Amino acid sequence: MDPEIAEITVLPGKDKNGGTEHFERIVIRPGETLSIVGPTGSGKSALINDIELFASNDTVTGRTVLVNGTVPPEEIVRDPAKKPVALITQGTKCLADLAVREFLEMHVRSRKIVRKGIVEETIALANEFTGEKIAADARVASLSGGQTRSLMVADAVTIGNTPIIILDEIENAGIFRDRVIEVLKAYKKALVFVTHDPLVALMCDRRIVMCNGTVVRVIERCGEEDRALEAIRKMDGLLCALRERIRAGESITEAVFAV
Ligand SMILES: Nc1ncnc2c1ncn2[C@@H]1O[C@H](COP(=O)(O)OP(=O)(O)OP(=O)(O)O)[C@@H](O)[C@H]1O
Ligand SMILES: [Mg+2]
């Protein structure tokens with residue numbers, strides 16, 4: 001993580017009825033993973049937007065987001081090259097009519113990075129997140145949704161060197177979510193996931209539960225949930241294998257479950 005950013009703090013605002021939120025503060029540090037869960041309309045996207053915008057009582061929720069305990073300088077909030085947050089959603093697309101390599105080289109130049117091999121490193125990293133391999137000479141506009149999101153995450157990690165990465169509901173998007181979590185932890189990124197996926201929710205260190213526009217609980221994974229996570233991993237593995245067989249056009253019989 002950028003040495004200048006040691007922590008992000010979310011301070012409470014108001015729920016949808018204007019009542020004060022009942023949490024003191026939520027602090028996110030490098031290498032931590034946080035999931036945000038809750039029903040439709042409960043304010044999950046509003047919370048990540050607050051983080052992305054570094055809200056200062058100027059959004060619908062009235063929350064304030066601090067960097068290293070203080071209101072961040074204007075340049076961090078407004079200058080895309082300095083902004084420490086990358087938000088990747090289901091709808092994230094690359095519109096440029098460029099090859100993957102050219103697209104990444106352009107980003108490397110704009111960030112004045114001189115290190116050799118960073119483009120290849122980024123493509124290799126993206127290919128750890130997706131089963132459909134990305135070729136350096138493929139056009140970015142022709143990538144699939146899963147390939148695009150994998151490339152965007154890898155680009156934010158390596159070239160953008162963004163300390164905080166937020167993913168809004170990318171579950172069924174052809175991307176290996178568990179791999180993303182493991183890799184981003186290793187790169188010491190702070191990762192925030194909006195998710196309905198049990199595997200992702202339980203793999204994260206903490207889980208924020210939203211309702212009626214407010215944070216109602218923060219659950220830290222420990223003990224029994226650690227054990228449940230192992231069972232969920234197995235189930236998820238089985239479901240992934242089934243998904244692959246369906247994609248390959250195979251018929252599914254009970255024999256699949258006998259493994
Ligand atoms: N604290 C709040 N005060 C006022 N309005 C809020 C608050 N939180 C969220 N809202 C508003 O409620 C609506 C639903 O919130 P949001 O889109 O964040 O829900 P969500 O949990 O992301 O839902 P979905 O699962 O459908 O994506 C939005 O219009 C949002 O601006
Ligand atoms: Mg949402």
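**Note on the ligand shell and helix packing**

1. In this predicted model, the shell of residues around ligand 1 comprises nine polar, four charged and three nonpolar residues. The shell holds 16 residues, and the closest to ligand 1 are Gly43, Lys44, Ser45, Ala46 and Gly213. Helix H1, which spans residues 44-53, contributes three residues, the most of any element in the shell.

2. The protein is divided into three parts: domain 1 (1-84 + 162-221), domain 2 (90-161) and domain 3 (222-259). The C-alpha centres of domain 2 and domain 3 are 30 Å apart.

3. The following points concern helix packing. Two packed helices are described by the angle between their axes and by the distance between those axes.

4. Helix H3 (residues 100-110) packs against helix H4 (residues 118-129) at an angle of about 125°, and their axes are 9 Å apart.

5. On the H3 side, the contact is made by Val100, Arg101, Leu104, Glu105 and Val108. On the H4 side, Ile118, Val119, Thr122 and Ile123 take part. By class, this contact of H3 with H4 has six nonpolar residues, two charged residues and one polar residue.

6. H4 also packs with helix H5 (residues 145-158), here at an angle of about 135° and with the axes 8 Å apart. H4 and H5 are therefore oblique to each other. H4 passes H5 in a crossing that is right-handed.

7. Which residues make the contact of H4 with H5? From H4 they are Ile118, Glu121, Thr122, Leu125, Ala126 and Phe129. From H5 they are Ser150, Leu151, Val153, Ala154, Asp155, Val157 and Thr158. The contact of H4 with H5 is made up of eight nonpolar, three polar and two charged residues.

Conventions. Residues numbered from 1 in each chain as written. Chains lettered and ligands numbered in written order. Predicted model: local features only at pLDDT ≥ 70, side-chain atom pairs only at ≥ 80, totals over all residues. Axes fitted to C-alpha atoms, helices over the stretch in contact; angles between N-to-C directions. Helix = DSSP H or I, 4+ residues; strand = E, 2+ residues; numbered from the N terminus. Contact = placed C-beta atoms within 7 Å. Nonpolar A, V, L, I, M, F, W, Y, C, P; charged D, E, K, R; others polar. Near = placed C-beta within 6 Å. Domains from an automatic or database assignment. Parallel < 35°, antiparallel > 145°, perpendicular 65-115°, else oblique. Left-handed = near helix turned anticlockwise from the far one by under 90°.
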